[in-house]
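Please read the sequence and the model side by side while going through the paragraphs that follow.

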Amino acid sequence: SSVHQDAPRPVSRLPQRASAVRRIRADGMAALAPRPCEDPREAGMGEVVSPRSTGNRCSHVSFVKKIASSGTLSQHSTDVGSLAGAEASPFIAERTPSGTAWDFCDDIRAAAAGAQQGAALALHAGVAEIPHPDKVEYGGEDSWFISDDGSAMGVADGVSEWGWRFGLNPRHFAQQLMQGACDAVKASPEGRGAGSVVARALEAGFANTTAFGAATALVMRLDAEGSALDVASIGDCGLRLLRRDPCTSRMSVVERTVEQAHAFNQPFQLACTPRSRDFPRLRAEGKGALVQAVKQSQSSKTNAPSDAENYRFKVHLGDLVILGSDGLFDNLDDAELCDVAERLLQEQSQVDGSGAKADPTYLALGIANAAAERSADAEAMTPFARRAQQNGHEVSGGVKDDITVLVAWVSESA
């Protein structure tokens, strides 16, 4: 096979272990259903007139907007849920004698979105790494960066074939790629559009590489206005943007990147390959297999930074940004990722009351551990196993790999 194609990844066949994740509905939303009318004043929520008595759908909206405009909607999410959630609300689906149904979730979401306007936002980030069990000694083959001001992050996954086939350390190329991208972000002039910054950072990172190797990569930056994430992604590193629905109080994936691949298990990747002038030295070093592979693949198409997919995702205060190498996303799907995040937030809240502001490093480690546990489950139907089966391969179970997770809260700028 050509150098730019990754080798098939090993599939774990270890004994099954208890899973750290539980599946939730893919949309992360509870079903809405009418409930008996309750007096919101009994829950300490103040004066709210029931639509039952007014015959219109606006009586409670001003209360929700009042909470949103005060900037404390996230703190009241549970209480608002008692008014507007699926479990106990006459206001979500109130049925009149004529059979007309009203749905107030849109009002609550609109009020929450209105509270975002004008807020200066920033990122508060943390990271966790769990190397492949066979690569712990040298730290695995992933690399990452978080800029000094926290506004930019990146992750790269070194292609393992350059290690087992050619005797090189795939991490070196990934590290140089991320270092160059980080330096480019730092050097970018203020006022330049963030979209061009991440694209140019990926180009600069690639230009910075001298180590032979290949990697998939993703670079992300919060724009100067603090209103959107700009992303450049090549291959199968990924980003998920999670948001808590003010109506259901559940986290769900509202934006995501999509894997780029030439074929199944052959993701787009950037590569630094030897030139003919390097061949004598490589042969002398016993790397004739690399020289031969390069000669045979000279006519093969290689990827460039310009092949990266570019995204722009609007962000809200309280959003949770998750970046990861494919070791994360091959083992946990989006619904499971949301479920793990919810569980970790609940656990942290019980420990120190931090709740939605849980330490991002704690969240990153918890998510990485959940992915690592799933990778050792020989019976799990993982995202990788589903894709393999869709492509005619009889595969099941988790995928042992390096797992790198970066997590960032979208918070108010200091």
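Strand 4 (residues 142–146) and strand 5 pair in the antiparallel sense through five bridges, where helices (H or I, at least four residues) and strands (E, at least two) are DSSP runs numbered from the N terminus, and two strands count as paired if DSSP finds at least two bridges between them. Within this pairing D142 lies opposite D157 of strand 5. The two strands make a hairpin with five residues between them, and in its turn G150 has a positive phi of about 75°. This is a predicted model, in which local features need pLDDT of at least 70 and side-chain atom pairs count only at pLDDT 80 or more, whereas totals for chains, interfaces and linings use all residues. Residues are numbered from 1 along each chain as its sequence is written, and side-chain values use heavy atoms, with hydrogens and water left out.

Strand 5, which spans residues 152–158, is also joined by seven bridges to strand 6 (residues 213–222), and these two run antiparallel; here A156 has A217 of strand 6 opposite it. How many of the residues of strand 5 are buried? Seven of its seven residues are, buried meaning under 20% relative accessible area, exposed over 50% and partly exposed in between, with a 1.4 Å probe and protein chains only. A152, G154, A156 and G158 point one way from the strand, while M153, V155 and D157 point the other way, and all are buried.

Elsewhere, five strands form an open sheet in the order 3-15-14-8-9, with antiparallel pairing. Its edges are strand 3 (121–130) and strand 9 (251–256), each of which pairs on one side only. Neighbouring strands of this sheet are turned against each other by 25° on average, direction ignored; axes are lines fitted to C-alpha atoms, for helices over the stretch in contact, and angles run from 0 to 180 degrees between N-to-C directions. Strand 3 pairs with strand 15 (residues 403–412) in the antiparallel sense over 10 bridges, and G126 has V407 in strand 15 as its bridge partner. Helix 12 (residues 360–375) packs on the sheet and touches strand 3, strand 14 (320–324) and strand 15, its direction making about 40° with that of strand 3; contact means heavy atoms within 4.5 Å.

Turning to the cysteines, the structure holds zero disulfides, a disulfide being a pair of cysteine sulfur atoms within 2.5 Å. C272 counts as buried because its relative accessibility is 15%, and C338 is buried with a relative accessible area of 3%.
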